[in-house]
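Please keep the sequence and the structure in view while reading.

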Amino acid sequence: MLRPSGRERASGAVPAARGAGTYLTPAQAFDALYAYCAPALVRQAYLLTGRRDLAHESVERAFQRAWDHWPQVARDPDPAGWVQAAAHDWALSPWHRLRRRHRRPEPPPPEEDDRALLDALLSLAPPYRRTLVLYDGVGLDLPETAAETEASTRATAGRLMFAREVIANRLPELADPGELHDRLAELASTGRTRAAEPAAVRGGSERRARLWTRTAAAVTVVLIGSTAMTLHTAPTHYVPPVPPGETVRGVPPRVAPGPLSDEQRELRDRLRKALLDGPERLSPQAR
């Protein structure tokens with residue numbers, strides 16, 4: 001089944017943990033929600049992605065987010081729906097195609113009919129695929145499917161009819177919605193569907209939170225250090241920039257001296273002799 005424990009998810013009822021008494025600790029409430037929803041969510045994510053490893057990763061990441069925001073999730077009218085939306089969003093993220101591990105093809109289902117149905121599902125665009133899985137696979141009604149996919153009821157109905165038409169064209173025996181529902185449940189149940197233990201998921205969330213906290217602290221220290229260095233080395237007053245040079249006009253150009261005349265040579269000789277024999281040049285006489 002694609003619903004948690006085969007029950008109506010819209011009711012929002014989650015079984016209480018065994019032996020927990022009337023009041024549950026946050027960990028007990030989380031474990032109860034995980035045991036109630038995780039197996040069905042893994043099967044749903046597999047129909048959305050066609051990859052078992054990505055399906056398990058999507059459910060674990062969704063529950064890790066739920067544990068990170070547990071006060072908000074615990075007060076939500078439909079905590080199972082909160083986790084389901086988070087798992088579907090992670091499973092259909094377009095960034096997975098850039099990851100090396102998801103470039104390698106996963107072994108297809110052993111049965112030929114299952115392979116054909118999975119190929120037909122994966123040929124649909126993600127919004128149409130999600131609409132078909134929620135309506136014909138999980139069994140939500142049209143308004144609930146529209147709310148889960150964040151679309152109008154009319155747009156959701158159009159997506160559903162188009163997805164059914166594509167599946168019926170490729171697999172005519174699945175034109176009946178009831179037969180399609182049964183085949184989707186059979187396809188989702190093939191292979192490994194066991195989810196991780198809730199304690200391991202909570203531990204992974206807590207380790208991730210500690211890593212982010214340490215990273216944020218390291219970045220803060222680096223920012224404080226760089227700011228202090230900038231304040232220490234920055235100028236404390238305004239230094240005007242040096243203006244660019246300008247050409248000075250109106251000054252006659254320098255001319256190299258030419259050959260001395262006879263009078264100039266005579267004057268030069270007199271000056272040189274007076275510099276040697278004339279102490280009066282250094283100590284002027286009073287008049």
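What percentage of the contacts in the protein with a separation of 6 or more do residues 24 or more positions apart account for? Such residues account for 71% of those contacts, a contact being heavy atoms within 4.5 Å.

## Basis and confidence

This is a predicted model, in which local features need pLDDT of at least 70 and side-chain atom pairs count only at pLDDT 80 or more, while totals for chains, interfaces and linings use all residues. Residues are numbered from 1 along each chain as its sequence is written, and side-chain values use heavy atoms, with hydrogens and water left out.

The predictor's confidence in each residue is its pLDDT, on a scale from 0 to 100. The average for the protein is 83, and 86% of the residues score at least 70. Over residues 6-12 the pLDDT stays under 50, and the model has 16 contacts beyond four places in sequence for them. Where pLDDT is low, the predicted coordinates should not be read in detail.

## Overall architecture

The protein has 11 helices and zero strands. Helices (H or I, at least four residues) and strands (E, at least two) are DSSP runs, numbered from the N terminus. Of the 287 residues, 34% are buried. Buried means under 20% relative accessible area, exposed means over 50%, and partly exposed lies in between (1.4 Å probe, protein chains only).

## Salt bridges

The structure contains five salt bridges. A salt bridge is a side-chain nitrogen of Lys or Arg within 4 Å of a carboxyl oxygen of Asp or Glu. One of them joins D136 and R164, whose closest N and O atoms are 2.7 Å apart. Because D136 lies in helix α6 (residues 126-138) and R164 in helix α8 (residues 153-170), this pair ties together parts that are 28 residues apart in sequence. D136 is buried, at 5% relative accessible area, whereas R164 is partly exposed, at 22%.

Another bridge links the side chains of R51 and D53, at 3.5 Å from N to O. Here R51 is buried at 13% relative accessibility, and D53 is partly exposed at 21%. In the bridge between R268 and D269, the closest N and O atoms are 3.8 Å apart. R268 is partly exposed at 32%, and D269 is partly exposed at 41%.

## The largest pocket

The largest pocket has a volume of about 300 Å³. Of the 13 residues that line this pocket, A91, S93, H96, R97 and R129 are the closest to its centre. On a 1 Å grid over the protein atoms alone, a pocket is an open set of points where a 1.4 Å probe fits, with protein on both sides within 12 Å along at least five of seven lines; lining residues have an atom within 4 Å of a point. Grid points are joined across faces, edges and corners, and the volume is the space filled by probe spheres set on the points.

Helices α1 (26-49) and α6 each supply at least two residues of the lining.

E144 belongs to helix α7 (residues 142-149) and is partly exposed, at 24% relative accessibility. Its C-alpha atom is separated by 8.8 Å from that of L134, 10 residues apart along the chain.

E150 is in the loop between α7 and α8 and is exposed, at 75% relative accessibility. Most residues other than glycine have a negative phi. E150 has a positive phi of about 55° although it is not a glycine.
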